[in-house]
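Subject: Model handover and notes

Dear colleague,

Here is the model I said I would pass on. My notes follow it.

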Amino acid sequence: MHELGIMTGVMASAREAAEGAGAERLLGVTLSVGEMTEAIEDALHFAFEALCEGDSYFEGAQLTVNMIAPKSRCLECGNEFQHDRFHLFCPACDSFATELICGRELQIDSIEVDLPDDEEESGACPST
Ligand SMILES: [Zn+2]
């Protein structure tokens, strides 16, 4: 399952960031996922829940997924257009000579953590 592999990597990165920040627990993860990765949003949630189960560090954590629609630029006429995973041709001139501008993203936007001692500091913090 494609999504299980993705979420395993995402959670390892999120955990590393959370532990680096001194967090005792991870409360939430927000992801941006391009549709061209072929990841299915529901399957990402399912994989996340399966991976969280039995892991006290992630217990009760929430996953937010922002799906990003693919966008390409036509190499013939310069038109930029959104499309789905299967229709990559330019709607202006029907050319198939296009390059993908976005849609292959797979990144952690933010994580929410539970920091000990200072409740004020618990909130979204960048993963980078
Ligand atoms: Zn075109």
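Helices (H or I, at least four residues) and strands (E, at least two) are DSSP runs, numbered from the N terminus. By that rule Ala 97 lies in the loop between strand 4 and strand 5; I return to that residue at the end.

The model is predicted: local features need pLDDT of at least 70, side-chain atom pairs count only at pLDDT 80 or more, and totals for chains, interfaces and linings use all residues. Residues are numbered from 1 along each chain as its sequence is written.

Overall

The chain has two helices and seven strands, in the sequence pattern α-β-α-β-β-β-β-β-β. Its C-alpha atoms fill a box of roughly 60 × 30 × 15 Å along the principal axes. The radius of gyration is 18 Å, whereas a compact globule of 128 residues would have one near 14 Å. That radius is taken over C-alpha atoms, and the globule rule is 2.2 Å times the number of residues to the power 0.38.

Of the 128 residues, 25% count as buried. A residue is buried if 20 or more other C-beta atoms lie within 10 Å of its own, exposed if 12 or fewer, and partly exposed in between, with C-beta atoms placed from the backbone. Two residues are in contact if their C-beta atoms, placed from the backbone, lie within 7 Å. Among contacts between residues at least 6 apart in sequence, 65% join residues at least 24 apart.

Two strands pair if DSSP finds at least two bridges between them. Strand 1 and strand 2 run parallel and are joined by seven bridges; Thr 30 stands opposite Thr 64 in strand 2. Strand 1 also pairs with strand 6 (residues 106–114), in the antiparallel sense and over eight bridges. There, Val 33 has Leu 106 of strand 6 as its bridge partner.

Helix 2 (residues 41–52) has 12 residues and spans 17 Å from its first C-alpha to its last, close to the expected 16 Å at 1.5 Å a residue. The expected span is 1.5 Å times one less than the number of residues. The buried residues of helix 2 are Leu 44, Ala 47, Phe 48 and Cys 52. Seen down the axis of helix 2, these residues fall within an arc of 130 degrees, so they line one face of the helix. The arc is that of the directions from the helix axis to the C-beta atoms. What covers these buried residues includes helix 1 (2–20), strand 1 (25–34) and strand 2 (62–68).

Just after helix 2, Gly 54 takes a positive phi of about 80 degrees. Further on, Ala 61 sits in the loop between helix 2 and strand 2. Ala 61 counts as buried because it has 23 C-beta neighbours inside 10 Å. Not counting residues up to four places away in sequence, Ala 61 touches Leu 26, Leu 27, Gly 28, Val 29 and Cys 52.

Strand 3 (residues 71–74) and strand 4 pair over three bridges.

Ser 72 lies in strand 3, and its bridge partner in strand 4 is Phe 81. Ser 72 counts as buried because it has 21 C-beta neighbours inside 10 Å. Leaving aside neighbours within four places in sequence, Ser 72 is in contact with Phe 81, His 83, Leu 88, Thr 98, Glu 99, Leu 100 and Ile 101. Ser 110 is 38 residues from Ser 72 along the chain, and their C-alpha atoms are separated by 26 Å.

Beyond four places in sequence, Ala 97 is in contact with Leu 75 and Glu 76. Ala 97 and Val 65 are 32 residues apart in sequence and 30 Å apart in space, C-alpha to C-alpha.

Regards
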